[in-house]
Amino acid sequence: MAKLTVSDLDLKSKKVLMRVDFNVPIKDGVIGNDNRIVAALPTIKYVIEHGGKAILLSHLGRIKSEDDKPGLSMRPVAERLSNLLNKPVTFVPVTEGPQLEDAINKMNDGDVLVMENTRYEDVKDGEQVKRESKNDPALGKYWASLGDVFINDAFGTAHRQHASNVGIASNMPQTAAGFLMEKEIKFIGGAVSNPAHPFVAILGGAKVSDKIGVIDNLLDKADKVIIGGGMTYTFYAAKGMKIGNSLVEKDKIDLAKEIMDKAGDKLVLPIDSVVAEKFDNDADHKTVDGDIPDGYMALDIGPKSVAAFEDVLKSAKLVVWNGPMGVFEMSNYAEGTLEIGKFLGTLSDATTIVGGGDSTAAVQQLGVGDKLTHISTGGGASLEYLEGKTLPGIAAISEK
Ligand code: AMP
């Protein structure tokens with residue numbers, strides 16, 4: 001069944017509550033990177049162009065004490081949004097009460113208002129009460145009372161049951177997905193519920209333990225599961241191969257064996273690695289086949305692995321990629337991730353999806369993102385979605 005989206009709503013003169021993801025990196029009031037604000041613009045613009053009054057809520061960082069509040073105010077975000085929209089944005093420095101209600105009542109059609117960080121509600125009078133993060137029913141009900149309709153465009157928090165997503169939704173007659181959320185549901189949701197075949201998953205990153213749910217779920221759905229990155233070497237250890245000083249989760253070796261038994265030839269492991277004497281970009285490094293020699297640690301996949309992976313990927317109709325192939329943050333160990341990213345960009349017949357978190361950072365840093373179909377904005381949310389879990393934030397969006 002399809003979810004209700006912003007384009008299904010009549011927005012004219014409506015007070016439109018919007019949960020957006022403005023959780024940007026911020027230090028001393030200065031925004032490090034405004035990608036998330038930019039990503040929310042299409043839905044915000046749509047709402048105001050259709051005569052809605054956009055009332056925006058988002059969390060920013062984590063609030064554990066009163067001291068955390070000043071550094072995590074939404075004010076600089078509201079200012080940046082105003083610059084990006086090229087129009088005034090009202091910032092209200094509270095999350096409830098007459099000041100907020102009056103400001104909302106004064107809004108004209110097409111106006112934009114940003115209220116203070118929803119997580120200010122997590123600490124009241126110095127006490128950690130987590131009203132937002134534990135979905136206090138009274139808070140969701142109160143926020144819902146401020147608007148006529150609710151749009152959830154914050155995929156990054158969809159795996160959490162918070163007052164500002166699930167709480168508001170459960171007190172609204174209808175909740176619609178924003179355009180960003182709609183895209184995540186279409187691509188990541190679609191990949192796990194109704195994948196095109198051949199479907200190839202590429203799973204990398206540091207730890208098997210972080211990815212086990214995804215490996216398990218995608219082994220059932222994909223035609224091939226390619227493994228890369230640091231978790232490779234727990235699989236190598238499970239095969240009885242030498243791993244030198246490479247990253248390994250000793251307590252997951254049995255699990256890796258079970259996965260390999262279950263997967264058979266569905267699982268594709270690297271056949272060569274770039275190894276170094278130290279976890280350092282300038283360390284002596286070389287490429288080796290198979291076993292990792294004593295005194296070395298594997299920090300990237302090698303060219304033979306890249307070629308083998310490309311051979312598996314070339315006929316794919318759907319590719320989901322989560323986790324880098326190596327320590328992409330260091331230029332000498334970024335090649336595997338870069339080559340796979342570039343190759344995915346050449347697959348014009350395939351839907352290519354990057355599953356968030358470090359993989360998103362990797363494709364952006366390496367500049368290979370623009371030729372891929374979808375780059376998820378969520379970290380934990382994409383991972384849980386790929387694990388096949390129901391995300392409470394998405395479950396709370398109305399069906400069409
Ligand atoms: P994850 O958050 O699980 O996707 O892991 C991403 C992190 O894994 C990145 O910071 C990479 O530097 C790291 N990583 C990838 N390959 C390796 C490797 N062979 N050894 C150590 N760390 C790695």
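Reply: A residue counts as buried under 20% relative accessible area, as exposed over 50%, and as partly exposed in between. On that scale Lys 262, at 48% relative accessibility, is partly exposed. The model discussed here is a predicted one.

Lys 262 forms a salt bridge with Asp 220, and their closest N and O atoms are 3.7 Å apart. Because Lys 262 belongs to helix 9 (residues 253–263) and Asp 220 to helix 7 (residues 208–221), this pair ties together parts that are 42 residues apart in sequence. Asp 220 has a relative accessibility of 56% and therefore counts as exposed.

Helix 9 also contains the pair Lys 257 and Asp 254. The closest N and O atoms of this salt bridge are 3.8 Å apart. Lys 257 and Asp 254 are three residues apart in the helix, so about one helical turn separates them. Lys 257 is partly exposed, at 38% relative accessibility, whereas Asp 254 is exposed, with a relative accessible area of 52%.

A further salt bridge joins the side chains of Asp 34 and Arg 80, at 3.0 Å from N to O. Asp 34 is placed in the loop between strand 3 (30–31) and helix 1 (35–49), while Arg 80 is in helix 2; the contact therefore ties together parts that are 46 residues apart in sequence. Asp 34 counts as buried because its relative accessibility is 19%, and the cut-off for that class is under 20%.

Other charged residues form a surface patch. Arg 62, Lys 64, Lys 130, Lys 134 and Arg 160 make up a positive patch; residues in such a patch have over 30% relative accessible area and no salt bridge. Arg 62 lies in the loop between strand 4 (53–57) and helix 2 (75–85). With a relative accessibility of 59%, Arg 62 counts as exposed.

Helix 2 thus links two parts of this account: Arg 80 lies in it, and the loop holding Arg 62 lies between strand 4 and this helix.

Terms used:
Residues numbered from 1 in each chain as written. Predicted model: local features only at pLDDT ≥ 70, side-chain atom pairs only at ≥ 80, totals over all residues. Heavy atoms only, no water. Patch = residues over 30% accessible without salt bridge, like charges linked within 9 Å, V, L, I, M, F, W, Y side chains within 5 Å. Areas by Shrake-Rupley, 256 points an atom, 1.4 Å probe, with all protein chains shown as cover. Salt bridge = Lys/Arg side-chain N within 4 Å of Asp/Glu carboxyl O. Lys, Arg positive; Asp, Glu negative; His and termini not counted. Charge placed at Lys NZ, Arg CZ, Asp CG, Glu CD. Helix = DSSP H or I, 4+ residues; strand = E, 2+ residues; numbered from the N terminus. Buried < 20%, exposed > 50% of the residue type's maximum accessible area, 1.4 Å probe, protein only.
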